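Thank you all for coming.

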Amino acid sequence: MLLFFLSSGLFLGWSLGANDAANIFGSAVGSRMVKFRTAAIVASVFVILGATFQGEGGADTLSRLGAVDELAGAFTVALASALAVFSMIRMHLIVSTSQAIVGAIIGWNLYAGRATDMGQLGRIAASWGVGMVLGAVFAILLYYLVRWFFDKLKLHLIWRHAVLKILLIAIGAFGAYSLGANNIVNVMGVFVNSVDIKPINIGICTLNGTQQLFFIGAVAISAGIFTYSKNTMRTVGSDLMPLSAETAMVVVLAHSLVLFIFSSRFISDAIALLGLGHIPQVPISSTQVVIGAIVGIGLLKGGRNIKYKVLINIMLGWIATPIMAGVIAYMLLFIVSNTFQLPVCQ
């Protein structure tokens, strides 16, 4: 029965893999520097590692927004998020699973009669905007750094191509790890308060219940990467703005750094020791970060190559996703509660 209820989370994980893998390797695949199969394998391995060993930080954030305390409720919230994301993907829109799960949780709060913590919601929403701006800023700074690096090396064209390919794969691996660490809470975070799984020892370490949940969700993300991410990689990788291999590498690295910063307790604690306050452990919209990075590079080059019609369509998807997820969640909760007589909240 537990596996049945987790199936909606697995569907959401699959949807995240189908959509957000484009943010890791879309620019590399779109620039034809990395083959899709290579990108899918590397992304799958490292997204599982990141989700399992560094994914717990954002779980508390979603719990404070809305602690879904019944398994049927968690199933319904995850299903609503997955349906919203999948619907957007079918319309060829690049969407945010972070926005989808937040919208669905708010839908649960409304149905359960719980107050939504507006301060927490404001912090999450602000992090989406900050993530996009940081993506642009990091991309611009890294663009100058990469140009300086290759100017100093003065490599032959063949060697330059080989070095770029290796760097794109290595940075993509880091990006996949960061995606797993930051966004796995969007997939399985709603189940943390309603599922009790005993720790298991796997020899080299012991995985607690949350880590086991996140591992299962990460496997579903991997399945989404392999089966349905190719088209979305092309959209991010070439439709919004043509990318050279160098700019593709800059975009992926900028995206990866932002996601890693918002999922690293070590960095947050180090910043706090300097008296600058904690960096919040929140699920950042990886889509917004990577789009911010691409737009940052585009603006640096004068903005002429940015396809603003594609950008507007993407932004419309960001607006529609949380609204759609919230409405779907409310409707499904009513059906599950009244038709199937399952408790969706305490």
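I will go through the salt bridges, then a helix residue, then a surface patch, and finally the cavities.

A word on the source first: this is a predicted model, in which local features need pLDDT of at least 70 and side-chain atom pairs count only at pLDDT 80 or more, while totals for chains, interfaces and linings use all residues. Residues are numbered from 1 along each chain as its sequence is written, and side-chain values use heavy atoms, with hydrogens and water left out.

How many salt bridges does the structure hold? There are two, where a salt bridge is a side-chain nitrogen of Lys or Arg within 4 Å of a carboxyl oxygen of Asp or Glu. In one of them Asp69 pairs with Arg114, and their closest N and O atoms are 3.1 Å apart. This pair links distant parts of the chain, 45 residues apart, since Asp69 sits in the loop between helix 3 and helix 4, and Arg114 in the loop between helix 5 and helix 6. Helices here are DSSP runs of H or I with at least four residues, numbered from the N terminus. Asp69 counts as buried because its relative accessibility is 17%, whereas Arg114, at 30%, is partly exposed; buried means under 20% relative accessible area, exposed over 50%, and partly exposed in between, with a 1.4 Å probe and protein chains only.

Arg160 and Glu246 also meet through their side chains in a salt bridge, at 2.9 Å from N to O. Arg160 lies in helix 7 and Glu246 in helix 10, so the pair ties together parts that are 86 residues apart in sequence.

Helix 7, which covers residues 157–188, also holds Ser178. Is Ser178 buried or exposed? Ser178 counts as buried, because its relative accessibility is 0%. Leaving aside neighbours within four places in sequence, Ser178 is in contact (heavy atoms within 4.5 Å) with Ser256, Leu259 and Phe260.

Turning to the surface, Ile41, Val45, Phe46, Leu49, Phe53 and Phe226 form a nonpolar patch with about 490 Å² of accessible area together. Such a patch joins nonpolar side chains (Val, Leu, Ile, Met, Phe, Trp, Tyr) within 5 Å, from residues with over 30% relative accessible area and no salt bridge; the areas come from the Shrake-Rupley method with a 1.4 Å probe. Helix 2, residues 36–54, gives the most to this patch, with five residues.

Lastly, a cavity is a set of points on a 1 Å grid where a 1.4 Å probe fits but cannot get out, and two cavities of 30 Å³ or more are counted. The largest cavity holds about 40 Å³ of space, and the residues lining it, with an atom within 4 Å of a point, include Gln54, Ala181 and Pro283.

Key. Helices (H or I, at least four residues) and strands (E, at least two) are DSSP runs, numbered from the N terminus. Patches are made of residues with over 30% relative accessible area and no salt bridge: like charges are joined within 9 Å, nonpolar side chains (Val, Leu, Ile, Met, Phe, Trp, Tyr) within 5 Å. On a 1 Å grid over the protein atoms alone, a cavity is a set of points where a 1.4 Å probe fits but cannot get out, and a pocket is an open set with protein on both sides within 12 Å along at least five of seven lines; lining residues have an atom within 4 Å of a point. Grid points are joined across faces, edges and corners, and a volume is the space filled by probe spheres set on the points.
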